[in-house]
Amino acid sequence: MTTTADLRNPPPMQDYQGQAKDGVEHFHGNQLLYVGWEDHLLFCAPFAFPFPPAMRFGDVVSHVLPGAFGYHPDFANIDWQQAQWFKSGQTFQPDFDKSLADNGLGHKDVIRFRTPGLTGIRGSCS
Amino acid sequence: MSKVFIALQTNDDTRPIIEAILADNPHAELNEAPAMVKIDAEGSLTIHRNSIEELLGRDFNLQELHLHLITLSGNIDETDDEFTLSWAN
Amino acid sequence: MDMKTSGRKLGLKEKYAHMTRGLGWETTYQPMDKVFPYDKMEGIKIHDWEKWEDPFRLTMDAYWKYQSEKERKLYAIIDAFAQNNGHLNVTDARYINALKLFITGVSPLEYMAHRGFAHTGRQLRGVGPRVACQMQAIDEIRHVQTQIHTISNYNKFYNGMHDFRHMHDRVWYLSVPKSFFDDAISAGPFEFMVAIGFSFEYVLTNLLFVPFMSGAAFNGDMGTVTFGFSAQSDEARHMTLGLEVIKFLLEQDPDNLPIVQKWIDKWTWRGVRMLTLVAMMMDYMLPKRVMSWREAWDIYFEQNAGALFKDLARYGITMPKCVETAIKEKDHISHQAWATFYQYGAAAAFHTWMPTPEEMDWLSSKYPDSFDRYYRPRFEYWREQEAAGNRFYNKTLPMLCQTCQIPMLFTEPDDPTKIAYRETTYKGEKYHFCSDHCQHIFEDESEKYMQSWLPVHQIYQGNCFPEGVDPTAPDFDPLAAVLQWYHIQFGADNLSFEGSEDQKNFEQWRGMATQNV
């Protein structure tokens, strides 16, 4: 901590050290996962979720995504066999039966899915 | 040449100021918007104390402009008699 | 008017010299470096503080005289506004929602600007800039006071403004303006001056105050026009201070150039991102529109900043690179931001709505390259769904940018159908950004931005619930608890404008004001 004495004699700015605010230890056993649906900007931004690392990937898809994305008329038409997944923009093959951790998903990873043939409201990517 | 500009509120005090600016700077353009005017000019724009005083019929201190200014753009050079805005390029 | 006196009056230049330089001294009990410990820590080199020039040459006596006259004019109008139920003269009660965003998002920044300039003025050993900072510090506290006084006349009648200061420190979208200013005020004194005085005041505030206040006039809001213009009459001086600080730093030492350029690049982008909120206010929240965000951007950014940077080229300063991205985004950001507030309208302290068909036509005409293709289908769908009783309220929290703290709503500069994702890893942890520029800002000062208080992450950490609630209780509703913690009253402050208490009251009161009932 900085003391009053330090304030009169500030250390060089390049030596300044902060403390990360969002380390995984702050999330009560959960880790953050961000999920975006390509070509569906009706949802203005990707979502942020806190999940236990042991949660099954398939449970995210079947129990969580409907609540988040279900408002969109395309959602009911998704064929999950056809969906393409990306992790940090790179092709990614999740195993629905494995946990998030066993799928290699760590704290603050970002994944996206594309649903071929579904391009949003009147084809506008909305 | 880049344009400088000055924007003033439209009210009873600024009418003669705007008139004097336009008379002294024939290259200036007046743009009217709700409750304000914006005066744009290529290169530079000069406001003369004397011209405003003639229209007002009283002494005028150029710093009174502060009461009505909304915004401006350009390098400022201010003396007791003149207020100039200009760009170097 | 100045009184004529018999003695010779000092000219403007002489008077300024006497009343600034003559008031400073070299300290002797303590070395100057101990009295002013911060003005060297950023690496800025100043050789001659006397070279500082205030082009307005305003001295404290003249300052008090003109400021008090501005106040008298303003308060006469505020009184008239209150006495004549001025709030009923606005075009449409939707307009009042722009004031809610203003009082919660902008006015607290005026107070922070006051603190920032008071602090900065204290830390500069040159007397000229110290006096200029002192005047600006007093201006800024005047701005926050006059804004609170004016808008308090709306708070008596409408929802969402009752606890603006409390909300400013907590509500998710208000973390965007709050963190912008906290970022500036926690920098060194010169960076603060460049951030606020130059990048924000000179390059960007015209976009906030000029079209918006002219818009308030157009929408019948006499009170807001007046505080807006009264504040803006100070801004011309602030902008001049902002330009002066750049010229002063660059003329003092060639080593200052890369430092100043880096600050200009950073703060132009930080400001552009924050103005997304203003873009949305202009295009969606003013029922009668003066000009579109894009038109204001063309005039006040592209033309004006273009001239400014051409002028500064003689010092080696170049236009920030981020401007290319900002120009590509000008057709999109207002629509993307309004889509965000519409869907997260249950968690906002103001009402939202979809534009009417006529308003959508106006948007098409102002945004011929983007609105019909990318946004109209989405907005028409939402209108239809709302009419059918299926109004969209997004209840899942969005991913945020680590630097600007805005939800990741911005699209790729060259593809408006793809969200822009950027990420980096620092000390083993991932960080995500909305743009190359926010990523670069983080990478340059990671130790600072890894401390961002991101509202979504704070909610998930359990830091945004009222004291004493039990998040493990079976009937715990986290989103309701967050709104309570924000002091947003569910059903009164938030949700659609259509059907709101504000809408009903305004209609009823305006009816009473124009008819004998």
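Contact between chains means heavy atoms within 4.5 Å. The structure is a predicted model, in which local features need pLDDT of at least 70 and side-chain atom pairs count only at pLDDT 80 or more, while totals for chains, interfaces and linings use all residues. Residues are numbered from 1 along each chain as its sequence is written, chains are lettered from A in the order in which they are written, and side-chain values use heavy atoms, with hydrogens and water left out.

**Exercise 1.** Find which chains share the most contacts.

*Solution.* Begin with chain A and chain B, which do not touch, since their nearest C-alpha atoms are 33 Å apart. Then turn to the 2 pairs of chains that are in contact, of which chains A and C share the most contacts.

**Exercise 2.** Describe the contact of chain A with chain C by residues and by buried area.

*Solution.* First, chain A gives 45 residues and chain C gives 52 residues. Next, the two chains bury about 4400 Å² between them, 57% of it on carbon and sulfur atoms, where buried area is the accessible area (1.4 Å probe) that two parts lose on being put together, summed over both. Finally, Leu41(A), Cys44(A) and Tyr71(A) supply 16% of the area that chain A buries against chain C, more than any other three residues.

**Exercise 3.** State how many salt bridges are counted between chain A and chain C, and describe one of them.

*Solution.* A salt bridge is a side-chain nitrogen of Lys or Arg within 4 Å of a carboxyl oxygen of Asp or Glu. With this rule the count is 4 salt bridges. One of them joins Asp109(A) to Lys430(C), with the closest N and O atoms 2.5 Å apart.
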